[in-house]
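Biologist: I am new to this structure and would like to go through it with you step by step. Could you show it to me before we start?

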Amino acid sequence: MQAGKDKVVALHYTLSIDGEQVESSHDRGQELWVLLGHGQLIRGLETAIEGHGTGDTLSVDVAPADGYGEREEGQIQRLSKKYVPLADRLKPGMTTVLTLKDGGRRVATVHKVGMSTVDLDMNHPMAGKTLHFEVELGAVRDATAEELAHGHAHSPDAPAH
Ligand code: ZN
């Protein structure tokens with residue numbers, strides 16, 4: 001079976017930026033399960049996987065436009081420390097995860113820490129970066145009706161959520 005829209009794939013991946021490994025599913029010891037065609041993966045990676053099958057290995061370079069976007073100026077926001085988790089432990093360059101009003105989460109990079117405020121760069125930490133992925137494709141199967149309704153894959157260790 002070939003990977004494509006409305007298929008669920010299991011994959012191992014290693015992400016590197018500028019030759020340095022950033023993260024790898026091997027570190028977690030678990031494959032990542034994704035539903036294709038529903039925005040679970042960045043576009044460049046999803047496009048590369050389409051048409052491939054179990055056992056294929058891919059080496060993929062993703063430009064910022066097909067990854068986390070270009071960096072934008074004017075994305076520095078000043079927040080009171082009370083809205084920033086562990087604000088007093090943060091240093092410039094570190095990332096933190098903000099909880100938004102709608103319950104969503106957003107990663108931001110610390111720009112400056114003041115007395116009672118933190119300046120955060122709201123660009124995604126990987127914005128403006130070319131991403132290099134090494135991918136090994138595992139199982140490929142049709143998505144279930146439940147997965148399609150939820151917009152994400154259910155993995156064997158998290159079958160329903
Ligand atoms: Zn679900």
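Biologist: Into which domains is the protein divided?

Modeller: This is a predicted model, in which local features need pLDDT of at least 70 and side-chain atom pairs count only at pLDDT 80 or more, whereas totals for chains, interfaces and linings use all residues. Residues are numbered from 1 along each chain as its sequence is written, and side-chain values use heavy atoms, with hydrogens and water left out. Domain bounds come from an automatic or database domain assignment, and the division gives domain 1 (7–68 + 127–150) and domain 2 (76–121).

Biologist: How many Å separate the centres of domain 1 and domain 2?

Modeller: The centres of the two domains are taken over C-alpha atoms. On that basis, the separation between domain 1 and domain 2 is 28 Å.

Biologist: How many bridges join strand 1 to strand 9?

Modeller: Strands (E, at least two residues) and helices (H or I, at least four) are DSSP runs numbered from the N terminus, and two strands pair if DSSP finds at least two bridges between them. Strand 9 runs antiparallel to strand 4, with six bridges, and Ser 59 stands opposite Glu 134 of strand 9. Tyr 13 has Val 135 in strand 9 as its bridge partner, and the number of bridges joining the antiparallel strands 1 and 9 is ten.

Biologist: Is Glu 147 buried or exposed?

Modeller: Buried means under 20% relative accessible area, exposed over 50%, and partly exposed in between (1.4 Å probe, protein chains only). Glu 147 is found in helix 3 (residues 145–150), and its side chain reaches the backbone nitrogen of Thr 144 at 2.9 Å. Because its relative accessible area is 1%, Glu 147 counts as buried.

Biologist: Which residue forms a salt bridge with Asp 142?

Modeller: A salt bridge is a side-chain nitrogen of Lys or Arg within 4 Å of a carboxyl oxygen of Asp or Glu, and by this rule the count comes to seven. Asp 142 is partly exposed, at 43% relative accessible area. With the closest N and O atoms 2.7 Å apart, its partner is Lys 7.

Terms used: A polar contact is a pair of N or O atoms within 3.5 Å; within protein, one must be able to donate a hydrogen and the other to accept it, and residues adjacent in sequence count only if both atoms are side-chain atoms.
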